[in-house]
Amino acid sequence: MRSAVCRVCAFTLAVLTAFAAWAQTPPDAGHARPLVIPQAEGEREGKTLGRALACGAERERVERVLRAGRARMLAAVGRALTEERYVLALDDAMRLETSLPAPSPASCEKALAALERLEKTP
């Protein structure tokens, strides 16, 4: 009886040790995906694109960035979250930015620089 208890204790100790070693190993960076919050991304990009439009950026240029952003979001979170959260937040932010009075020249420079950064985003 005593040897059976020792075996159970030894087995439990081995399992706990193996779990502790597994829990301390870092996750594989190749399979980890960055956290994407569709509403926050949509609001951020919509604000940038709306300001760029208000500053006189070409509509075609903004459309290209919109298509690229939507494709990026589709790949990151799927169709449902893209349509339900990202697109709605983006549309709301763009509508707000284009309804405000024209930004200052310094603000326009920042908005156009931000548009360029969005164009270069992979």
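Q: Which salt bridge do the side chains of Glu45 and Arg44 meet in, and how far is N from O?
A: Opposite charges on side chains can pair when the charged atoms come close. Here Glu45 and Arg44 meet at 3.7 Å, N to O; a salt bridge means a side-chain nitrogen of Lys or Arg within 4 Å of a carboxyl oxygen of Asp or Glu. Bear in mind that this is a predicted model, where local features need pLDDT of at least 70, side-chain atom pairs count only at pLDDT 80 or more, and totals for chains, interfaces and linings use all residues. Residues are numbered from 1 along each chain as its sequence is written, and side-chain values use heavy atoms, leaving out hydrogens and water.

Q: Is Glu45 buried or exposed?
A: Buried is under 20% relative accessible area, exposed is over 50%, and partly exposed lies in between (1.4 Å probe, protein chains only). Glu45 comes out buried, at 3%, while Arg44 is partly exposed at 42%.

Q: What does Glu45 form with Arg72?
A: Another salt bridge, with the closest N and O atoms 3.3 Å apart. That pair links distant parts of the chain, with Glu45 in helix H2 and Arg72 in helix H3, 27 residues apart; helices here are DSSP runs (H or I, at least four residues), numbered from the N terminus. Glu41, Arg44, Glu45 and Arg72 are linked in a network of salt bridges.

Q: Which residues of H5 are buried?
A: An α-helix has 3.6 residues a turn, so residues three or four places apart point the same way. In H5, the buried ones are Cys108, Ala111, Ala114, Leu115 and Leu118. On the other side, Pro105, Glu109, Lys110, Arg117 and Lys120 are exposed.

Technical notes. Helix = DSSP H or I, 4+ residues; strand = E, 2+ residues; numbered from the N terminus.
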